[in-house]
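Here is a briefing on one protein chain. Look over the sequence and the model, then read the points below.

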Amino acid sequence: MATSTSCPTILLPFSKVDFPIQRATKFAPSINIGKTHLQKLSISRFSRFRPNGPVVFSRLNDYSVDDSSRDTLKNSPELGVQSCTWNWRGYSIRYQCAGNSGPALVLVHGFGANSDHWRKNVPVLAKSHRVYSIDLIGYGYSDKPNPRNFGADYFYTFETWAAQLNDFCTDVVKDEAFFICNSIGGLVGLQAAVMEPQICKGIMLLNISLRMLHIKKQPWYGKPVIRSFQNLLRNTAMGRFFYRSVATPESVKSILCQCYHDTSQVTEELVQKILLPGLEPGAVDVFLEFICYSGGPLPEELLPQVKCPVLIAWGDKDPWEPIELGRAYGKFDSVEDFIVLPDVGHCPQDEAPNLVNPLVESFVARHASPKASVSV
C-alpha cells in the first residue's frame, strides 16, 4: 500500500494521456515478485508457498522471495561514486560512475530526469559491476544546446541520444555494456542497440514509454488539436509561461506524487535533484522541443530489430504507462521475460531499488561474457 505524504494536487498537461488507443489483446507470460531480494534456487518450476512468503518463477529462472532479505540494501555499505564530464561533439556531458570490475552497465534516465535518479542503484550495483549513469544531452548537468540552432529538424531525438550512448560506450566505458533504462530512456537504449548492435550486451527496460502522443497513435480527430497545442507551446510565450509553472518545487513534487505509488519516496532530496537542473539556461527550450516531438521510433518498431536479450520490468501502479498495454511487449522474440513489480509506479529504480537491483544483477549474470569479470 502506498504511504501517503503531503503532496500538492496540481494537475499538469502531458503527465497523462486521455486519448483512446488500441489496446493489445495478446499478453506474454509474466511473473509477480514481492518487494524483496531475489535468490536463485535449484528447485522445480512449480508455484509454491512458504510460511514466510511466496515463491514465484519466471519462465527462465527459478527465484524465491525471502522477506528476511528486505533490509539488506539498507544495511549495505555504499561505494564511492564519482561525478565526471565527457566531451561529446564539443558538448560537455555529465556522468557518474562507480566500480572497477565486472560487466559494464550504463543507466539511462527518463524524460526530465538525470543520472541522479539512479543514486539508489549505482553504489549497490558497483559492488560487482562497472556502473555508469549518464545525463543525456539536454538534461541534468549536460549541455543544453538550443534546438532552434539546428534549423527545422528536431535535435533532441532518440537517434541523437542513441548516438551519444554508443559513443559513450566507445570513448568512456571502452567496452560492451548492458543498458538499464527507464521510461523514454528505454527508447534510447533500444535505438542505440539497433544502430550499433555490437556494443549492447542486453537491455533492461523499466516502464518504457509507450509514446501515446506519437503521431501514429493519435486518433484522427485529435491530431489537429494536439498539433495546435504543441505549436502554441513551442512557438509562443505561452510555452515559457507553462514551463515556469512546472519548474517549481510544488509542481515537481505534484508530478512525482502522481507517478510514484509509494509517495513517501517523493522526498525533498528527490524534488531538488529533478528540479535544479531544470532551472539551468536552455532547459526550457529542451522541454518545449521534446513535448512537441511526436515522431521517431516506437518500442514496437524497435524491439523486432534488437539482437540482444531484453528484459522488461513494469510497476503495476504506473498511471502514465498502463501495464495492460505494456504487457504486449512481452510477445517479441527478443524479450526473454516480462516481470510485474507490485505496488510500484513509473520509476521503479528509485521507488523500489530493492526490487530492481537484484533483477539487474541476475539479468546481467545470465548474459555477461567471462571476460567482463576481469578488473579494469
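The accessible surface of the chain comes to about 16,100 Å², and carbon and sulfur atoms hold 55% of that area. Accessible areas come from the Shrake-Rupley method with a 1.4 Å probe, and for residues only the protein chains shown count as cover. This is a predicted model: local features need pLDDT of at least 70, side-chain atom pairs count only at pLDDT 80 or more, and totals for chains, interfaces and linings use all residues. Residues are numbered from 1 along each chain as its sequence is written, and side-chain values use heavy atoms, with hydrogens and water left out.

**Overall build**

- The chain has 13 helices and 13 strands. Helices (H or I, at least four residues) and strands (E, at least two) are DSSP runs, numbered from the N terminus.
- Of the 376 residues, 57% count as buried. Buried means under 20% relative accessible area, exposed means over 50%, and partly exposed lies in between (1.4 Å probe, protein chains only).
- Of the contacts with a separation of 6 or more, 77% come from residues 24 or more positions apart. Contact means heavy atoms within 4.5 Å.

**Nonpolar cores**

- The largest nonpolar core has 58 residues. Such a core is a set of buried Ala, Val, Leu, Ile, Met, Phe, Trp, Tyr and Cys residues joined through side-chain atoms within 4.5 Å.
- Tyr 95, Val 106, Trp 161, Phe 168, Phe 179, Ile 203 and Leu 205 touch the most other members of this core.
- Helix α3 (residues 158–173) gives the largest share of this core, nine residues.
- A second, separate core has 25 residues, including Ala 113, Val 284, Phe 287 and Ile 291.
- Leaving aside neighbours within four places in sequence, Phe 179 is in contact with several residues, among them Val 106, Leu 165, Cys 169 and Ile 203.

**Helix α6**

- Which residues of α6 (residues 237–246) are buried? They are Gly 239, Phe 242, Tyr 243 and Val 246.
- Seen down the axis of α6, these buried residues fall within an arc of 100 degrees, so they line one face of the helix. The arc is that of the directions from the helix axis to the C-beta atoms.
- An α-helix has 3.6 residues a turn, so residues three or four places apart point the same way.
- Ala 237, Phe 241 and Arg 244 are exposed, on the face of α6 turned away from its buried side.
- The cover over the buried residues of α6 includes α5 (223–235), α7 (249–259) and α9 (283–291).

**Salt bridges**

- The whole structure has 15 salt bridges. In each, a side-chain nitrogen of Lys or Arg is within 4 Å of a carboxyl oxygen of Asp or Glu.
- Asp 350 and Arg 119 form one of them (2.8 Å, N to O). Asp 350 lies in helix α12 (residues 348–351) and Arg 119 in the loop between β8 (104–108) and α2 (122–125), so the pair ties together parts 231 residues apart in sequence.
- Both Asp 350 and Arg 119 are buried.
- Lys 201 pairs with Glu 176, with the closest N and O atoms 3.9 Å apart. Lys 201 sits in strand β11 (residues 200–206), and Glu 176 in the loop between α3 and β10 (177–182).
- Glu 176 counts as partly exposed because its relative accessibility is 28%.
- Asp 343 and Lys 317 meet in another salt bridge (3.1 Å, N to O).
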